[in-house]
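Please keep the structure open while reading.

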Amino acid sequence: MSLLVVGSVAFDAIETPRGKADRVLGGAATYFSVAASYFTHVNLVGIVGEDFTEHDHSIFRGRRIDTLGLERAAGKTFFWAGKYSENLNDRTTLATELNVFATFNPRLPEPYRKCEYIFLANIDPTLQRSVLHQVERKPKVVALDTMNYWIERTPAELRETLRHTQILMINDAETRQLSDEHNLLRAAKHIFKLGPSTLVIKRGEYGAMMVHANHVFCVPAFPLEEVHDPTGAGDSFAGGFMGYLASAGRASEADLRRAMVYGSVLGSFAVEKFGLERLRALKRSEINARARHFAKLTQFKL
Ligand code: AMP
């Protein structure tokens, strides 16, 4: 089953207590597609500028990632700069330069229009919806990420897009902001009225929680001695989650639970090194071994 992603391809400047990088390849769609490509074929929709070289593009080569939908436009690639606090839980955005992203109007190449698994990474909800309009048949699963900027500035457009979404994948602060509820279970009930039937809450070092109908499922974050760079952890989680679901071809309760584990596995690898360094060098055997480790980590008898 192929998987479609629309979102940012970017250059990032990152500062964490473990180091600093002035310009590394990043972007939500980049992290997502590299993570998901360990499970399934990925169709990428995004935009880059003239400064995006063949060398940058090589991140997608030799993987199951189709870049026919990666448009090249005059101007510079989207640039984001962020700095993490000492405990790595808080992040300050220092710069967001939209560049070619400012006039982005996603266009799906013909072969992408039959995709049944879709991930709408964090972009303008109107653009997210325009992708859904171009899909020819009803997708099996549409998952969406968003952020405070869209929750505050374009609430009506976001609500409209949420009506067409089955899985909402956001962090705890965004969950509270979107629902106006502090308690996450009550927040989930509120969000289900907006369209999604599954809520996946990414909670950084506290792991991830899924609320689906009357079921709640929690996965811890993988215990690591050192986290180098949390950038892209959420998108890598989403890539592991959706990549697994698309490869399974179903989304039963058991599949969703396994997807939570594979999401956590990919998120945990992403933070081990700077930028995409660890994620791009992964082996499927390492993913499987860490998934088994997760099973052991959470096993107990009563
Ligand atoms: P995450 O750490 O999972 O939230 O994702 C970080 C990635 O999102 C970085 O590589 C950034 O390039 C990208 N990013 C940051 N801000 C935005 C934005 N406003 N729109 C789209 N992508 C963004």
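1. Start with a charge over a ring. The charged end of Arg290 sits over the ring of Phe269, at 3.9 Å from its centre. Bear in mind that this is a predicted model.

2. A second case involves Arg23. Arg23 lies over the face of Phe11, and the distance to the ring centre is 3.7 Å.

3. Now the ring pairs. How many aromatic pairs does a search of the whole structure find? The search finds nine. Among them is the pair of Phe11 and Phe52. Their centres are 5.9 Å apart, with 35° between the planes, and the pair is tilted.

4. Where do these two residues lie? Phe11 is in strand β2 (residues 10-16). Phe52 is in the loop between β4 (42-48) and α2 (54-57). The pair therefore ties together parts that are 41 residues apart in sequence. Are the two residues buried or exposed? Both Phe11 and Phe52 are buried.

5. Look next at Phe222 and Phe294. Their ring centres are 5.5 Å apart and their planes meet at 45°, so this pair is tilted. Phe222 lies in the loop between β13 (215-219) and α8 (233-248). Phe294 belongs to helix α11 (residues 284-297). The pair thus ties together parts that are 72 residues apart in sequence. Both Phe222 and Phe294 are buried.

6. One cluster deserves a mention. Which residues do ring pairs link there? Phe39, Tyr244 and Tyr262 are linked into a cluster by ring pairs.

Definitions and conventions:
Residues are numbered from 1 along each chain as its sequence is written. This is a predicted model: local features need pLDDT of at least 70, side-chain atom pairs count only at pLDDT 80 or more; totals for chains, interfaces and linings use all residues. Side-chain values use heavy atoms; hydrogens and water are left out. Rings of Phe, Tyr and Trp (its six-membered ring) pair if their centres lie within 6.5 Å; planes under 30 degrees apart count as stacked, over 60 as edge-to-face and the rest as tilted. Helices (H or I, at least four residues) and strands (E, at least two) are DSSP runs, numbered from the N terminus. Buried means under 20% relative accessible area, exposed over 50%, partly exposed in between (1.4 Å probe, protein chains only). A charge sits over a ring if NZ of Lys or CZ of Arg is within 6 Å of the ring centre and within 35 degrees of the ring normal.
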